[in-house]
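User: I am new to this structure and would like to go through it with you. Could you take my questions one at a time?

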Amino acid sequence: MGVRGLKTYIESRNRNYLRSWAFRDKQLIIDGCNLYYTLYFDCNLDQMHGGDYDAFEELIIQFFENLRACAIRPYVVLDGGADHTDKKWDTIMQRKQDRINAAFALSVGKKEKVLPILIKSVFRQLLQKLNVPLVQCLKEADWEIAALAEEWNCPVLSNDSDFYIFNLKTGLLPITHFQWKNVKVDRKTNKKFIQAKHFTVGKFCASFKMNTDLLPVFASILGNDYVKLQNIKCLIWAEYSGPGTQHAHINGLLNWLSQFPEPEAAVTALLKRTDDNEKAITQEALSKGIHEYKLFPGSLAQFFHSETIPCTGPLQVLPEWTLKLLLEGKMSSSIIDVLVHQRVFMISQVEDFQLPCSSETSRPIRQVIYGLLLLGEQQTADKQALDIKTFTGTSKCYVEEYGRQQLKLSIQKVEAIQTGVMEGLQLKTLQKEPHSVRLQVLLDTLGVSSEMFRGTQPALHLQMFVTHYWLVNAQPQPSQVHLWGLLLGMVYGKFSSTPKRHRDMLLRPKKLQTAGRRMDLEHETAHLYSQWQSCLKWSLCLNSLLCFPVSEPEVASLYRGTLVHHVVGDLRSGITLDCLLVRGSSAERLFKQLEDAVVSLVGEDFIKKMRTGLEHRAAGKTQRDYNGQDQPIDELSSSFENLMYEDINDCEDDDDDLNGKGRKSKAKDHKNEIPDVPCTPRTRHKAKARNANHPSKKSERRCFE
């Protein structure tokens, strides 16, 4: 939820509301979404280029290893779908618009905070790999986290200011003050601990001589995501604060509330100071706000201990197998929003904002997901229970997709569809369908034939199917350098966990080190890779809904944004793949394996007819000119074979070009005012005839032929 300004007030230096705690050997309830959000930004990981998931993986692994070293037993809780009452609707809409604005700001070189689109998938995969207990709630997690912490008598780890309001016996450990990187040792006991700051409602209220039951009133008056009383003119609280006090409105409100023995008296006094025409709405808002913070035993404890499926309200109509996957975090929470609200919010990424939203490329994948969830004979009763939006006199069903049109949040109604193989499939029994049927749904959706499927190794199935889909459907068309950059990123991800001394023998470290290298954002590249990530996100969702007909890849190893963007720049500047891979190494063999998989899926002619992407655009030429002619560069293809043994130092003369020296910043070509470019939604899955739009250039030989 979040209480505006409260966290800053409590953590201000002139106050002592946080006490030190050498934390060890206890259970700890972790607000999972808040944790990965805080750690990603605190450690300055990449946002502009789509995320560095392998670096995030290392960070999370180290975090939980340090907890284990201190005998701390973590239990992680993730947010699920939006509440069925839509009580937070205005806040959700504003945050989605803010995310669009932030992503655009990043795209033009400004500082902002935008989480990469696959972070939640990486996080939950890692926790399952590390055997960290995890539950994904079926709605927002704040209340369930607080209820579980109270039931188990253990603290919560979060930066969410709502946990300063819940009256938890064991209190809150703010992530900001949780010094997990610096594990210390108690000299007396020789046991390891993490130095933390500790907050409890009791000590905080005692400093104001205030009843703890008044804190929910305080939060409701001050305003959170559910309650907003900022239009009530009488709420001016600074006059109750001392002169020169920081955060005078918060301090004054606390002083004012401390005179009342219990919440009812405070609410009555407030209503007396409220205009008559606003009394009713104020009383209703306060009542709802206070109710949000009342705690009683929740449902998470049973699921953590025995995987008992809790009572799920509107989602009770779902088959148990889907509820179990949702609670385990193995199925996307977007499914909940489709079923309860018949809507989905697209996650804005850093991309070309003059083009249609990158999520449009993956829309046909989502349409199949909607069809599996909302269509089918057995869902008749479910439709009544979930109030699924259908059109009178038709059997069609639609889902509202909230994306963007240029810089504005937009809504499009998207039809749920059934492919031929889906006819007769029922959600209730989907997990019992033959593997071949579930697999065929996935293959049909991603445009992969059975013949293509047989030529791809099982470990590479999903990532290669997604790459095939992206190559065929992305707009603008990916070039060869975009494909090679993506594949090289996968190679790097595969070996990123290898000890450095061994990794250096497999990959050219001088060229793959990107830290400290300045690089302007190339908007076409950013847009294409954002489309690939969106396709992967929704393919993962479809694969889980189909009960995993293909194995789920480790997402953290598939994409490293800074690296793939640098590789594209390297290749365009004349650096060859030979400078990045060691001949005869495992890395070279894996690259060849990935390349062969792509060729088996799209065909060698398709690769040859792709744009090379090797052209050097003239300084000042706009990024919108995607149809500019490629400059045929035969040197690159010939050097693939001839320069295998070239010393890496021979490539270093190109570093000035790679760092952007002498080149005009392409981010500057994008202005804050975007021209009115029509956005045409794509709602049907068609294989595009790319050759008609992008004539074949002088073909180069494939690398490592």
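This is a predicted model: local features need pLDDT of at least 70, side-chain atom pairs count only at pLDDT 80 or more; totals for chains, interfaces and linings use all residues.

User: How many residues does helix α3 have, and how far does it reach?
Analyst: Helix α3 covers residues 53-69, which is 17 residues, and reaches 24 Å from its first C-alpha to its last. That is close to the 24 Å expected at 1.5 Å a residue (the expected span is 1.5 Å times one less than the number of residues). Helices (H or I, at least four residues) and strands (E, at least two) are DSSP runs, numbered from the N terminus.

User: Which residues of α3 are buried?
Analyst: The buried residues of α3 are Y53, D54, F56, E57, L59, I60, F63, F64, N66 and L67. Buried means under 20% relative accessible area, exposed over 50%, and partly exposed in between, with a 1.4 Å probe and protein chains only.

User: Which residues have the most contacts inside the largest nonpolar core?
Analyst: They are I29, F63, F64, F123, F178, F204 and F218, in a core of 196 residues. A nonpolar core is a set of buried Ala, Val, Leu, Ile, Met, Phe, Trp, Tyr and Cys residues joined through side-chain atoms within 4.5 Å. Another core, of eleven residues, lies apart from it and includes I100, A102, V350 and A526.

User: And what is I29 in contact with?
Analyst: Leaving aside neighbours within four places in sequence, the contacts of I29 include Y75, V77, I145, L148 and W152. Contact means heavy atoms within 4.5 Å.

User: Changing topic, how many salt bridges are there?
Analyst: A search of the whole structure finds 22 salt bridges. A salt bridge is a side-chain nitrogen of Lys or Arg within 4 Å of a carboxyl oxygen of Asp or Glu.

User: Which residue does R366 meet in a salt bridge?
Analyst: R366 meets E401, at 2.8 Å from N to O. This pair links distant parts of the chain, 35 residues apart: R366 is in helix α15 (residues 363-374) and E401 in strand β10 (residues 398-405). R366 is buried, with a relative accessible area of 0%, and E401 is buried too, at 3%.

User: Which residues do shared partners join into one network?
Analyst: Salt bridges that share partners join E307, K324, E328 and K330. Within that group, the side chains of K324 and E328 meet at 2.4 Å, N to O. K324 counts as partly exposed because its relative accessibility is 30%, whereas E328 counts as buried at 11%.

User: What about K279 and D276?
Analyst: Their side chains also meet in a salt bridge, at 4.0 Å from N to O. K279 is partly exposed, at 25% relative accessibility, and D276 is exposed, at 66%.

User: In what order do β1, β7 and β8 stand in their sheet?
Analyst: The three strands form an open sheet in the order β1-β8-β7, with antiparallel pairing. β1 (19-23) and β7 (184-185) are at the edges, each with a single partner strand, so one side of each is left without a neighbour in the sheet. Two strands pair if DSSP finds at least two bridges between them.

Key:
Residues are numbered from 1 along each chain as its sequence is written. Side-chain values use heavy atoms; hydrogens and water are left out.
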